Amino acid sequence: MAAMRQIAPGGGGCQLPGGDAHCRNMPSATSSAAAAAPITGAAGRPAAGDPVISLNQVTKRFGSYVAVQDANFAIERGEFFSLLGPSGCGKTTTLRMIAGFEQPTTGEILLEGKDVSRVPPYRRNVNTVFQHYALFPHMTVTDNVAFGPRSQRLAGDETARRVRALLEVVRLTSFADRKPAQLSGGQQQRVALARALANYPSALLLDEPLGALDLKLRQAMQIELKRIQREVGITFIYVTHDQEEALTMSDRIAVMNEGRVEQIGTPQEIYHSPTSVFVANFIGVANLIPAIVQDTAGSKATVVVAGTHCIPVPTGTSPVRPGAPATVMVRPERLRLSEGGAARTSGVPCTVEHAVFQGPVVRCTLRAADGTQIVAHVGPEHPLPPLTPGLGLQVDWDYEAARLLPPTDGASAPDEDPDLRHTVERASMPRP
């Protein structure tokens, strides 16, 4: 990879490979504070405590409909931050408020520490990339990327320097003289990114920009987007309903549901330690096993699952009390299957209902004696006898693999939503 190029939001320099001179400062539409260079920590991670964008108790209403309610979070400089959720959850409305296309009903939005809640889009130092890239078909790649700096009436040598640097970042130097119609979908998207970055925004807003690409290209572009973001050092705010995109690219993810932010955390935190049934349900694949709390002791609880089996589980952030219903979340890949033997502390005797070969894993559906259904993903490293229907097995997991969540409250990801894939393995309630 070529030497790191740092493109400073709001007018800082773009250090070209080989020690070339820094780009000259560009006047910012927001403040001189935007001229500070991106700050990153170890391994390219954003430094904490340096927010570029802050939402303070932001609510957006359309008549009586509340699209976003009490959004309250900050996005750090140099961070890849994703807004993830199903259609209608408020993620695009949140992005549009940051961009200036919508104004919050209450609350304030800070950009580089200044309230821009009522500032029009053209006066905010942010740029947006949409799903449809809106490239100028009659212009070459170079002219498309140069459009912003030329609109700002920058000097010709400064514009050329920025264009060269950005085309190298997006790896399109050899395509500089082509028209958009002569490019692939992924190449067009990278041109749109370069054009949006050419004015050195404080943040780049991306509204499902990979949605128009086929699966293979979309997966390749996920890696490309993250590489570009790391090289330029600018904050990316990415809207998607695709959990794979968010997990692959993000430093942090905000999971939204019905206008509210359910949880904010790293991909690892969101996946392994969800704080609600909705988050566990929406992110990845999860067994959500109905349980009754027997007792609690600090961060540990003992619960009853599958009728009579007592197991210890770590408690989450929500308070629990003995006798209350709850949900035990365990990912299918964290389950272990074994033959016979005494029940372990986290084990449940089950019977195989059916098994489906899915390439890297076998998806095994099991049922406990009380009717609770559990799904396990079994890899080739776990030798077992043929998983024929009726085979009795012991299902268990490590203590740290489970999470205790509040009971289902109807806020789960709707299976009928056309934007969602069927990625949830909800443990069924016992049969009557």
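Which residues are buried in helix 1? In this predicted model, local features were taken only at pLDDT of at least 70 and side-chain atom pairs only at pLDDT 80 or more, whereas totals for chains, interfaces and linings use all residues. Residues are numbered from 1 along each chain as its sequence is written, and side-chain values use heavy atoms, with hydrogens and water left out.

Helix 1 spans residues 91-99, and the buried residues in helix 1 are Lys-91, Thr-93, Thr-94, Leu-95, Met-97, Ile-98 and Ala-99. Buried denotes under 20% relative accessible area, exposed over 50%, and partly exposed the range in between, with a 1.4 Å probe and protein chains only. Helices (H or I, at least four residues) and strands (E, at least two) are DSSP runs, numbered from the N terminus. Helix 1 is thus mostly covered, with seven of its nine residues buried. Just after helix 1, Gly-100 adopts a positive phi of about 100°.

Helix 1 lies across strand 1, strand 2 and strand 4 (106-111), and runs at about 120° to strand 1. Axes are lines fitted to C-alpha atoms, for helices over the stretch in contact, and angles run from 0 to 180 degrees between N-to-C directions. The open sheet comprises four strands in the order 2-1-4-5, with antiparallel pairing; two strands pair if DSSP finds at least two bridges between them. Strand 2 (65-76) and strand 5 (114-115) form the edges, each with a single partner strand, so one side of each has no neighbour in the sheet. Eight bridges connect strand 1 and strand 2 in the antiparallel sense, and Phe-62 stands opposite Tyr-65 in strand 2.

Leu-55 lies in strand 1 and is buried, with a relative accessible area of 0%. With neighbours within four places in sequence left aside, Leu-55 is in contact (heavy atoms within 4.5 Å) with Ala-71, Asn-72, Phe-73, Thr-94, Ile-98, Glu-108 and Ile-109. The C-alpha atoms of Leu-55 and Leu-110 are separated by 6.5 Å, although these residues are 55 apart along the chain. Gln-57 also lies in strand 1 (residues 51-62), but counts as partly exposed at 42% relative accessibility. Gln-57 has a positive phi of about 50° although it is not a glycine. A positive phi, near 60°, is likewise found in Arg-171, a residue other than glycine. Arg-171 is placed in the loop between helix 3 and helix 4 and is partly exposed, with a relative accessible area of 44%.

In soluble globular proteins, nonpolar side chains tend to be buried together. A nonpolar core is here a set of buried Ala, Val, Leu, Ile, Met, Phe, Trp, Tyr and Cys residues joined through side-chain atoms within 4.5 Å. The largest such core has 35 residues, and those with the most contacts inside it are Val-145, Leu-167, Leu-197, Leu-204, Leu-206, Leu-225 and Phe-236. At least two residues of this core come from each of helix 2 (141-151), helix 3 (156-169), helix 4 (185-197), strand 7 (203-207), helix 5 (215-232) and strand 8 (235-240). Helix 4 contributes the most to this core, with six residues. Apart from this core lies another, of 31 residues, among them Val-330, Leu-335, Leu-337 and Ala-368.

The axes of helix 2 and helix 3 come within 9 Å and cross at roughly 130°. The two helices are therefore oblique to each other: angles under 35 degrees count as roughly parallel, over 145 as roughly antiparallel, 65 to 115 as roughly perpendicular and the rest as oblique. Val-141, Thr-142, Val-145, Ala-146, Pro-149 and Arg-150 in helix 2 meet Thr-159, Arg-162, Val-163, Leu-166 and Leu-167 in helix 3. Not counting residues up to four places away in sequence, Val-145 touches Val-163, Leu-166, Leu-167, Val-191, Ala-194, Arg-195 and Ala-198.

Strand 19 (residues 392-396) is mostly covered, as four of its five residues are buried. Strand 15 (residues 336-339) runs antiparallel to strand 19 and is joined to it by four bridges, with Gln-394 in strand 19 as the bridge partner of Ser-338. Strand 16 (residues 348-357) is also antiparallel to strand 19, again with four bridges, and Cys-350 has Leu-393 of strand 19 as its bridge partner.
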